[in-house]
Amino acid sequence: MARGSNPFSASTSSGTKSKPKSTAKAKRRLDPSNAYTYLPSLPKHHRTSTAQLSLSKDERELAGPSRRRGDDSDDEDEDMQARIKKVAMMIADDNPQAVESDESDIDSDEAFGSDGSDEERWGDVFRQLDKGKGKKGKSKAQEVVRKPAKPLTVNLDESEDEKVSESKAKGKKAAKAPSPISEEEGDDMEEISGEDEDLDVDSEEDISLNGEEDQDADEDEDNSDEEEEDEDEDEDGDLDFLSDLSDDEEDPEDLDGLDAFVDSLAATDKKRKAGEEKVTGEAAKKRRVLPVISGPGLKENGDLALKNNQKLDLSSLISSHPSLSGASALLPSKSDKKTSTSILKQGLVSAPLPTVAQDRLDREAAYEKTREEGQKWAGVMKRVKEAEHLSFPLQGDRRGGVKSGNEVLAGFKPENKLESAVTALLNKANLTEDNLTKREDLALEAQEMSLEEIKERRDALRYQRELMFRAESKAKRVAKIKSKTFRKLARKRAAKENPGLDLEQLEKLDPEAAAEEREKLEFLRARERATLRHGAKSGRWARDTGGDGAEIEDRRRAKEEMLNMKEKLQRKILGQADGSDSESDSDEEEGDDETAIKTRAFDQLASLDAQNAANEELNGKAGKGLMQMAFMKKAQDREMKKVAQEESDLRKEIEMFGDERESDVDIDSDEEDRPSMMRVGGNEGRMVFSGPEPSSSTPQDDDISEPTRISRPSALSKPREATPPSDEPFADHNPWLTNTTSAGPSRKRNTLVGSVNAKAEEKVTRAMKKAVKGKEAELDDEKVEITIEGKPSATKLNNGNDKNEEDSDSENEELMPIAGKGVKAFKQRDLVAEAFAGDNVVEEFTREKERQVEMDAPKVEDTSLPGWGAWGGKGSRKNKRVNPKFLVKTAGIEPTQRKDFSRSNVIITEKKDKKASAFLLQDLPYPYTSKEQYEKSFATPVGSEWNSRSGFQKGTVPRVVKKPGAIIEPIRRMF
Amino acid sequence: MISRSLDDHLPSSSTAPHPLQRNLAPHLHPFQKPREYTRAMTAVKIDRMFAKPFVDALGGHQDGVYCLGKDPRRVAVVAGGGGDGEVIVHSLALRRPLLKIPNAHKGMVGGICWTSEAKDGKRGMITAGKLDGTIKIWRSKLFAPGLKDDESFIGNEFASGNRLESMDNLDNAGAIGENGFDLNENEDDGDEEVGGGLTMDFKKRDRLGENLEPTMTYTSKNGFNGIDHHRQDNIFSTASNTVQIWDENRSNPLSTLQFGNSLETVTKVKFNQSETSVLASVGNDRTMCLYDIRTGKAERRIVMQFLSNDLSWCPTLPTTMLLASEDHNLYTFDIRNLNSPSQIYKGHVGGVMGCDWSPTGEEFVSGSYDRTIRLWNRESGKSRDVYHTKRMQRVFDVTYTPTADFVLSASDDGNVRIWKSNASKKLGPVSTKERQSIEHRQKLIERYSAEKGVRSVKERRHVPQSIHNATKLKREMIESRKVKEDRRRDHSRKGRDKPKAERKKTVIVEQK
């Protein structure tokens, strides 16, 4: 709070009060200027020893919360007692208020006992407390709570300062009378109150009162602070209080031995109560006693007088008389008192500062203001400084430039005849701007629509638009399905028109086409090979299976089986994959079948229907009043009908497409009639007509069980794919019987499986071939090792069969001439060697490099002459160490440090290029912070040879561009 | 037969770029760096070859010219104040005086500034006498020939919308002499004529000048050393032993600003052009003081090692202020942080008498007692260029023209000299192609300016022997001083006197 530290506070006492606690006591006694010190003339011995004792203790205890907490161990028993007492009081009258009042009594009693000076000390103490702990005086709420207690005070002969505390002090005095312990107890209570904020409210009131006396000038300022802080701390305080209470409740149980105290306390409490109600008897007696105890009444009066100078007000007068006690409640409370005191204080205006100091303060404030203004420019200045290009004028004209249309219109005045004529006409027709706006306003008014209504209507419109959009999107989807289906069907049809002949037949008819076809098949096979990594034909296992004839047969079968299995699995995988994305557009391989295409189309349509139905349902529910409106419904129905019509047309068309087909797919067309009839039913119909299919193909049964609608098409389409092969190709076509020719399927669906089979078969044969060939190749190699002449016949045979093998072989031959070619290769090699005989380029290069490295390396030359600087003769030892001054060192570059150290094929010279060094910089130029940065600035050339026209122009724009001959204005404030 | 389409070789329209007949493949243009370096070298040499900064000297003063007052609203009008109290308004475009006022003041002219408005076709000029302690406002059509039809603009035309018309008129007024009105038509008007006839002969003009009476005269006990006008309002400030703020329409100062009770001579005062209520002054007590007319207070003052002769506010960086110091240096200060300069500019070998920012805020010019003018970049502590002529004596004031193209200097020899702000810049129209090649050359120079060869050509300046010697001497002195200081430091207790940064030495104290 630093109450005493304000140099402008007028009270003289404040200075002494703010002094450190330790010296405060002594000073107070000695310093005559201190209003609260005892006058030296007054006898000190009037003070009772107990009072002094208690005071000192108080001081010690209240010096600071931290210290007190530190001393807890010392005061532990006292603490205990205090708590016990408190509990006892609570027991006596289970009213926390009473407890508080008790404490306050105790406080005031101490103050009472120790005279005015004690109070002052209390003030000091609490001030220090406040400073130290940050727990400052009362919160407003607390004050409010406290106020009612004040009227109870009856201080006829005491200082009005003490009135509050004093009123409670009666009880305390009563407590004091019965036992000397109560004094201690009081101290203890003080401790507690110091710790618990709520509990020490009363004492804090004391503080505040003292504070008012002492530092009224500051009080007003401090109040706000205090209150703030109090608000912060109130919670803590309350919590502490509660916890303390709980503690207190537990304590008595543990300490049964202190019943005596409790009893006595209960007694005192009663007394206190009595004292509160009737304020005369005992208290008066005690007051009479007091001067004797604590000092002469004169002194007290003097004290009071001093205080009254500052603090006397109506409330104190009223409260001083018991009959008026009730009236004091009506008086303005403490805060008002403060203002009144501050008004009093206003009489003591601090002397104005010397002009020099005042001017200085003013200047500083003014400068701060200017600096702030300057700071506002910071952003602008930063931009100006960092700008890459400044083009003046920097700021455009605010009003200049192009005017807006409204501005032009507003300032329009007819100037010539024509214009005035036109204006006149417009005026006649009431088409001027003003008239138009007026009319618009009128129209709006006429509609008499509230804001809600307009909003509602807008919502309705929006909804309708959305519905339209729905219909539109559905139509689009239908169109898409239609186009796709038809395209696919047409393709199929076209394929059927000129049915896929067998390759053999085709060869006869049209060899070129056949070749094409074969190529296509080859391509497909190649692709398959590329995608199937674990093909049985290329694996190690397949290669190894080159054994005896009997074994080969077995393994062949095994392979066959494996391939079969793989094929099957693959088909399954593909089927599932197909099922998972029914809407995928690029499923041409699966959708080969016409029926499949059709069914998919139908399914898609059905799903669309279902979706729509769901939407409609939703609309029906959500559309509340709006969707039930006739026009909305109508519009929707109309749209939907249109789409439905389209849809049905499409169905029919698709069916028609199917009707022209051959007999074997008639069943399908029959089936497809059903959905067209059961269109309303949608999905259910689809379920029915696809019923019989799965029975024909058992392996796909599990697929049907999939519940999702999307998977249904796959379930339908797959059997169709799968069944036909079961009729024909499995029956009459045994892939293993035909060797090389691929099965030329008459129909596409046959080719699907047939080709797969053919592929599998081919794989096997090729694997076998390769195995055989591998063996032969080995043999061949062996042969080469042995007999140089002649080519192995096996390779020859193979060459005719397999092109690839030949290629690889030929490559091998090129790579290692020894392998297959024999003498020729050797000859070639010899020839080359002969031609470049004695041409040891590499060696020479390495030698050259070594020489270079050696030359560049740092050298140490020993220039010492033998015999010089050494002892000679018999018995002389030769000094191995050479005097370093005879060692001439030549700087160079270490071989390991060379740039070409790790590059064996190049020599990079490490010599300094004098000419180039002329262009090198010693220091980094100013704006750059690193070498790299600087070099980067040269990365892009400036000239037009290396830049586009615009690049060149952009790259050469100067930093400052200004209009020739135009005045450049200083920058203008735009904020 | 060879047939060529013109479309391949001619631009499609008059404004379109010429079709490119070049292969841009990089491998066809090798040795990029060496070639560019050579070009940069050539460019910098060309630049130096064409560096002819001196344009003209405007004579007519009977005594030395000690102050200049440029009209900030017009391209080419400047007034020079002589040592004998004569004020001559020069037209830079015509390179001849528009009006001579022989006895504007008794004794030296302290300062000249222009009002922020023109009324009835008249332009107002305010002059302050250094010795006679008077301020005079002169209004005449002769100041603004070409300002037609009695057009007027008001002071805050920048802020108001009517700037376009009036500003254009003012820009041109006095710039193009041929636009001037014929005097003979209005001869019966009296001494002054509408539009300030430029066609009239010298004698008549001189007579008009002699007879011209100030429209307003303010008197004071103290002489005025400087004067400056508010950017928009009808307010001007003067520097005597205090700083005073005057209203054009009142005979007494609006306010008197002084720091504390200081009554030392204030030599110059300048309004900030952007933060318009802020002004600063320099005084003979080596101080620079900051004022604000809103608070009506002297706000802060710094005391420097040497006194400052002139100051100028940066037009694009409103918090930046330039001080021309007697210690041969210039200093920029940021008013937000006055305890040290933000940059020190060294180069002159005599006290710097005047300085002025370029309207672009990127450069400034300074004139010195060493008979040279130097041009500086804001960011660099070394001067970009130095101008001098044999006949130019001590330079007392310099100023940039409002277009930033020219620099004017007022010197002891009684001439106002016009210099190009860019020595090698071509005057007159420049074709696009030429401009591009100039820009290209500038870019190359800029890019390679760190390289030794380019730099040596670029930075080499011939200066008069005296300056050269003085520079050498100064360098030696500084060097020896430094050596001495080092030695002293070496032989004193460690850490006793630490070397102090140059910037920290400048300001002795910042007074609050």
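Which residues have the most contacts inside the largest nonpolar core?

**View 1. The largest nonpolar core of this predicted model.** B:Leu322, B:Leu330, B:Phe364, B:Val365, B:Ile373 and B:Val407 have the most contacts inside this core of 33 residues. A nonpolar core joins buried Ala, Val, Leu, Ile, Met, Phe, Trp, Tyr and Cys residues through side-chain atoms within 4.5 Å; buried means under 20% relative accessible area (1.4 Å probe, protein chains only). Both chains supply elements with at least two core residues each, among them H18 (378–386) and E1 (390–392) of chain A and E23 (363–368) of chain B. Helices (H or I, at least four residues) and strands (E, at least two) are DSSP runs, numbered from the N terminus.

**View 2. Surroundings of B:Phe364.** Beyond four places in sequence, its contacts (heavy atoms within 4.5 Å) include B:Leu322, B:Leu330, B:Trp357, B:Trp376 and B:Tyr400.

**View 3. The interface of chain A and chain B.** Here 59 residues of chain A touch 69 of chain B. The buried area, the accessible area (1.4 Å probe) lost on putting the two together and summed over both, is about 5600 Å². A:Arg363, A:Tyr367 and A:Ile967 supply 13% of the area that chain A buries against chain B.

Residues are numbered from 1 along each chain as its sequence is written, and chains are lettered from A in the order in which they are written. Local features need pLDDT of at least 70, side-chain atom pairs count only at pLDDT 80 or more, totals for chains, interfaces and linings use all residues, and side-chain values use heavy atoms, without hydrogens and water.

Methods. Buried < 20%, exposed > 50% of the residue type's maximum accessible area, 1.4 Å probe, protein only.
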